[in-house]
Amino acid sequence: MNAHADEHFAGSNKLFTSVWVWLVVLTLVEIFLAYKTLPIHIMLTILLGLSVIKAALIVAYFMHLKFERLSLILTVVPMLVVCICLLFVFFPDSFRSSELRYKFQESAPVAPAPAEEP
Amino acid sequence: MSTEARAGHFPAIDWNGGAFPYRVGHRKLGMWLFIVSDSLTFSALLMGYAYLRASNNWPTPFPFYPSIVFSSVMTFCLLSSSLTMVFGVSASSKGDKAKARKWILATIFFGLAFIVLHLIEWNHLISEGLRPFYLPEHWAKVFTLADGTPPTSLFGATFFAITGLHMFHVATGAIYLLVVAARVKKLKHEDIEISGLYWHFVDLVWMFVFPLIYIMSVDMHGALGH
């Protein structure tokens with residue numbers, strides 16, 4: 001049996017090039033968005049959405065996961081997604097500390113004046 | 001024959017998984033697990049960055065030139081390096097190791113270009129006065145809010161930590177690929193595919209670092225007079 005036949009790497013160079021073109025186009029969209037005045041939460045949602053699409057393209061085609069067994073995909077992907085989502089548990093606390101900070105402060109902190117010579 | 005190829009010859013027994021339930025060799029599975037753990041490292045760092053950003057007055061200092069132009073060209077370099085790497089793995093799967101080596105060398109070239117551009121960009125920020133725990137004086141003045149809230153000095157810490165760790169991964173990947181390119185004829189196809197997995201992961205991480213660190217911190221109104 002020809003060993004190389006068993007080592008077939010699915011996907012043609014044409015397919016990989018078209019994935020690369022999509023990745024470049026999505027990057028250009030991100031750069032374009034950088035100079036649009038949008039509310040920060042909308043900007044963040046769009047940018048993260050584009051990043052997730054780009055990551056999915058890289059994982060599926062370049063890292064070949066689309067062509068692997070479903071058992072490998074189910075082992076690697078869901079637990080990573082769950083763990084990353086669990087990190088968000090800390091996030092609401094950032095708004096709390098934002099509320100606390102500078103609340104009773106009237107001016108920007110300045111460096112303490114040097115001690116005067118006796 | 002690679003472990004991956006041999007896996008196909010084992011009969012599916014017991015729970016239909018056979019000896020190789022994932023139909024990949026142990027090294028490739030190991031790389032996948034490493035990638036998952038490394039993804040969590042970067043996720044935690046980016047989450048820490050998001051936390052600090054939401055709870056502080058965050059400066060947005062990056063000018064179109066050089067920061068955004070450089071980081072965009074760096075993104076292009078990494079994307080192109082992923083394409084050349086996948087061409088290399090594809091050539092290796094067809095048994096054309098000489099062609100695979102050429103594509104891997106092209107990948108290293110793009111990786112090194114990324115590092116050089118990134119170091120120039122770092123140098124630009126350092127020469128402006130940015131340090132891990134200090135902002136340049138003029139940034140501190142410009143980005144102080146009307147109520148006197150100063151910008152956080154942790155900007156430099158998150159910037160250098162996240163981009164520095166990523167640059168370290170690119171440098172490590174370039175060395176890894178150099179070894180693979182030197183020994184390409186002795187290595188099995190699966191080994192080359194594993195090195196490709198690592199390289200694509202480095203590219204993938206940058207797809208999050210670039211928009212979150214650079215695009216979200218553009219100096220849109222030329223506040224710093226660039």
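Which residues does B:Ile104 touch, not counting residues up to four places away in sequence? Point 4 comes back to this.

1. **What you are looking at.** This is a predicted model, in which local features need pLDDT of at least 70, side-chain atom pairs count only at pLDDT 80 or more, and totals for chains, interfaces and linings use all residues. Residues are numbered from 1 along each chain as its sequence is written, while chains are lettered from A and ligands numbered from 1 in the order in which they are written.

2. **Confidence.** The predictor's confidence in each residue, from 0 to 100, is called pLDDT. Chain A has a mean pLDDT of 84, with 78% of its residues at 70 or more. Over residues 1-6 of chain A, however, the pLDDT is below 50, and this stretch has seven contacts beyond near neighbours in sequence. Two residues are in contact if their C-beta atoms, placed from the backbone, lie within 7 Å. Where pLDDT is low, the predicted coordinates should not be read in detail.

3. **Chain B.** You will find seven helices and zero strands here. Helices (H or I, at least four residues) and strands (E, at least two) are DSSP runs, numbered from the N terminus. The C-alpha trace of chain B spans about 70 × 40 × 25 Å along its principal axes. Of the 226 residues in chain B, 44% are buried. A residue is buried if 20 or more other C-beta atoms lie within 10 Å of its own, exposed if 12 or fewer, and partly exposed in between, with C-beta atoms placed from the backbone.

4. **The core.** A nonpolar core is a set of buried Ala, Val, Leu, Ile, Met, Phe, Trp, Tyr and Cys residues joined through C-beta atoms within 7 Å. The largest one has 67 residues, and B:Ile104 and B:Val205 have the most contacts inside it. H7(B) gives the largest share of this core, 16 residues. As for the opening question, B:Ile104 touches B:Met85, B:Gly88, B:Leu177, B:Val180, B:Ala181 and B:Val184.

5. **A helix with a buried face.** In H2(A), the buried residues include A:Phe16, A:Trp20 and A:Leu23. Seen down the axis of H2(A), its buried residues fall within an arc of 100 degrees (taken from the directions from the helix axis to the C-beta atoms), so they line one face of the helix. On the other side, A:Lys14 and A:Ser18 are among the exposed residues. The cover over the buried residues of H2(A) includes H3 of chain A together with H3 and H7 of chain B.

6. **Where the chains meet.** Chain B brings 50 residues to the contact and chain A brings 46 residues. On the side of chain B that touches chain A, H3(B) supplies the largest share, 12 residues.
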